[in-house]
Amino acid sequence: METMTSSAIIEKEHFTWLKHLDFYKAQLNVMEKELAGFAKESTSKKVGPKVEQFQNQFIRQREVIDTLRHSVKQHENEIERMTRFALEYLRDRVIKDHMVIKAEYKRFVELFIEMEQDFHDYLA
C-alpha cells in the first residue's frame, strides 16, 4: 500500500512539473518576442552582445526543459514497471531517482526565475 501511496504522490508531482515546464516554455516564447522588439527598436551598438546572450540563455533553457520532460517521462515508465510487476527492488531506486529529478527541477525553476528577472531588468 505504501508503494501505491508514494507512486500516486510522485505522479501528482510529475503532472504539476510537466504543466509548469509547459508554462516556462511559453514564457520563453514571450520573452523572445519582447527581445526581438527591443533589439529592433534599439539604435545602440551595445545592444547586440546582450541580445545574443539572452538568445543563448533561451536556447539553453529550452534544452533543460526538454531534458527534464524526458527525465520525468522515463521516471513515469519506471513507476509503471515497478507497480505492474510489483518489483520491490525498484521502489528505492524510483524514490531516489524522484528526489534527483525534484532537485533538478527546483534548480531549473530558481535559475529560470533569476534569468527572467535579469531579462526584465535589462529591458527596463
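A residue is called buried when its relative accessible area is under 20%, exposed when that area is over 50%, and partly exposed in between, using a 1.4 Å probe and protein chains only. By that rule Tyr105, at 8% relative accessibility, counts as buried.

The structure is a predicted model, in which local features need pLDDT of at least 70 and side-chain atom pairs count only at pLDDT 80 or more, while totals for chains, interfaces and linings use all residues. Residues are numbered from 1 along each chain as its sequence is written, and side-chain values use heavy atoms, with hydrogens and water left out.

**Two packed helices**

Helices here are DSSP runs (H or I, at least four residues), numbered from the N terminus. Two packed helices are described by the angle between their axes and the distance between the axes. Helix α2, residues 47-85, packs against helix α3, residues 88-123, at an angle of about 160°, and their axes are 10 Å apart; an axis is a line fitted to C-alpha atoms over the stretch in contact, and angles run from 0 to 180 degrees between N-to-C directions. The angle makes α2 roughly antiparallel to α3, a description used for angles over 145 degrees. The contact of α2 with α3 has 20 nonpolar, 5 polar and 8 charged residues, where Ala, Val, Leu, Ile, Met, Phe, Trp, Tyr, Cys and Pro count as nonpolar, Asp, Glu, Lys and Arg as charged, and the others, Gly among them, as polar.

Just after α2, Ala86 takes a positive phi of about 50°.

**Buried positions and their contacts**

The buried residues of α2 include Phe54, Phe58, Ile65, Leu68, Val72, His75, Ile79 and Met82, and those of α3 include Val94, His98, Ile101, Tyr105, Phe108 and Phe112. An α-helix has 3.6 residues a turn, so residues three or four places apart point the same way.

Contact means heavy atoms within 4.5 Å. Leaving aside neighbours within four places in sequence, Tyr105 is in contact with Trp17, His20, Leu21, Tyr24 and Leu68. Val94, which lies in α3, is buried with a relative accessible area of 2%, and, with residues up to four places away not counted, Val94 touches Ile10, His75, Glu78, Ile79 and Met82. His14 belongs to helix α1, residues 2-41, and is buried, with a relative accessible area of 0%. Under the rule that residues up to four places away are not counted, His14 touches Val72, His75, Glu76, Ile79 and His98.

**Partly exposed positions**

Arg81 is found in α2 and is partly exposed, with a relative accessible area of 32%. Not counting residues up to four places away in sequence, Arg81 touches Ala86, Leu87, Tyr89, Leu90 and Arg93. Val100, placed in α3, is partly exposed as well, with a relative accessible area of 42%.

**Sequence and space**

| Pair | Apart in sequence | Apart in space, C-alpha to C-alpha |
|---|---|---|
| Tyr105 and Leu21 | 84 residues | 9.2 Å |
| Val94 and Glu76 | 18 residues | 9.2 Å |
| Arg81 and Phe119 | 38 residues | 42 Å |
| Val100 and Pro49 | 51 residues | 35 Å |

Key: Angles under 35 degrees count as roughly parallel, over 145 as roughly antiparallel, 65 to 115 as roughly perpendicular and the rest as oblique.
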